[in-house]
Structure formats: C-alpha cells, structure tokens
Amino acid sequence: MALLDILVYPDPRLRNKAAAVEEFDESVTTLVADMTETMYAAPGIGLAAIQVNVPRRIIVIDTSEDRSDLRVFVNPQIIEKDGEQQIDEGCLSLPGIYAPVDRAESIVVRACDQHGEPFELRAEGLLAVCIQHEIDHLDGKVFVDYLSRMKRDRIRRRLEKEARKRDVA
Ligand code: NI
C-alpha cells in the first residue's frame with residue numbers, strides 16, 4: 001500500500017470529471033487500498049479518486065470514530081433524495097476550511113464495490129452528506145462552490161498563501 005498525495009484547492013485538477021470504471025481489475029483494488037490508507041492517515045472521513053489525481057469514479061468513506069465502517073463506492077449514483085440538512089463540511093483538499101452546505105437529509109445510492117458487486121444503500125445524516133460531498137468531487141465540484149463568491153475568494157487566497165509558505169519552508 002502507498003500514501004498518495006492529495007491535491008489542494010484551487011488546483012485545477014480538482015475540476016477534472018471522473019470517468020466510470022468499466023473493468024474491475026487489480027488497478028481498482030490497489031487504488032482503493034491506497035486511497036483508504038491515505039484517508040485514514042490524513043486523517044479524514046472521505047476521499048474521492050479525483051483528489052489523488054486519478055479521474056475515476058471511486059470513493060472511500062468511513063464516518064465511524066474507530067475506523068470500523070469502511071465503505072467503497074465505485075460508479076456511485078444517487079437515485080433518491082429526501083429532506084434537507086446542513087452541517088459544517090470540511091475537505092482534505094481544503095485543509096482547515098469548514099462551512100455549512102445545503103444537502104439532502106437522506107439518500108439512496110446505487111454503486112458497486114471494488115470487485116464490481118452492485119449494491120444499494122440508504123444513508124442519512126453525516127454519511128449521506130459525506131456521500132453527496134464525495135460524488136461532487138467526481139464531477140469536478142468542491143464544497144466551497146456552494147458558498148458566495150466573496151467567501152470562496154477569501155478561502156482561495158488563504159490556501160494559496162499557505163501553499164507559498166510551505167514552498168518556502
Ligand atoms: Ni472533499
């Protein structure tokens with residue numbers, strides 16, 4: 001397994017649209033293992049392949065406190081949405097940034113696991129938010145896109161400043 005580099009906003013590669021996985025070969029299981037390790041090490045509760053610069057429709061999520069609930073979604077699609085909720089979202093591609101976003105309260109998602117086995121899952125609360133957030137990444141979208149332009153510009157300047165500091169150090 002290997003730790004992967006996570007792209008940081010406003011890296012233009014976060015805008016790539018991910019392509020559906022057609023073949024469930026070893027490249028998928030290896031990527032899922034590496035993404036899982038990278039997510040846990042960060043630490044984070046969700047990671048989309050786009051964030052490690054792999055434009056394939058693959059997501060890993062674990063919203064448990066003790067890393068006991070790993071979920072893998074390949075080619076995920078939301079087929080039902082209900083209600084509304086807002087929680088402060090964060091993102092491994094926007095370190096230190098948190099903001100509330102309007103999301104559905106409950107969803108039904110259809111996806112495959114890393115071996116190509118199809119499943120459907122009804123999710124609510126944090127897990128539902130997390131799935132919606134990660135699927136956005138697959139479409140080149142990040143959560144700050146939902147904020148006002150002014151807030152987004154402020155966040156971009158802050159992250160660019162921090163990146164410059166890192167480059168100098
Ligand atoms: Ni994210």
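Tutor: A residue is called buried when its relative accessible area is under 20%, exposed when it is over 50%, and partly exposed in between (1.4 Å probe, protein chains only). The model is predicted, so local features need pLDDT of at least 70 and side-chain atom pairs pLDDT 80 or more, whereas totals for chains, interfaces and linings use all residues. Residues are numbered from 1 along each chain as its sequence is written, and side-chain values use heavy atoms, without hydrogens and water.

Student: How many salt bridges does the count come to?

Tutor: Side chains of opposite charge can pair when their charged atoms come close. With a salt bridge taken as a side-chain nitrogen of Lys or Arg within 4 Å of a carboxyl oxygen of Asp or Glu, the count here comes to twelve.

Student: Which residue forms a salt bridge with Arg 103?

Tutor: The partner of Arg 103 is Asp 136, and the closest N and O atoms of the two are 2.9 Å apart. Helices (H or I, at least four residues) and strands (E, at least two) are DSSP runs, numbered from the N terminus; on that basis the pair links distant parts of the chain, with Asp 136 in helix H2 and Arg 103 in strand S5 (residues 94-103), 33 residues apart.

Student: Is Arg 103 buried or exposed?

Tutor: Arg 103 is buried, because its relative accessible area is 6%, and Asp 136 is likewise buried, at 11%.

Student: Where in the chain do Arg 57 and Asp 139 lie?

Tutor: The side chains of Arg 57 and Asp 139 meet in a salt bridge, at 3.0 Å from N to O. This pair also links distant parts of the chain, 82 residues apart: Arg 57 lies in the loop between strand S1 (46-48) and strand S2 (58-61), and Asp 139 in the loop between helix H2 (125-138) and helix H3 (149-168). Arg 57 counts as buried because its relative accessible area is 14%, whereas Asp 139, at 33%, counts as partly exposed.

Student: What joins the side chains of Asp 11 and Arg 13?

Tutor: Asp 11 and Arg 13 are joined by a salt bridge with an N to O distance of 2.8 Å. Asp 11 is buried, since its relative accessibility is 16%, while Arg 13 is partly exposed, with a value of 37%.

Student: Which residues are linked in a network of salt bridges?

Tutor: A network of salt bridges links Arg 149, Asp 153, Arg 156 and Glu 160.
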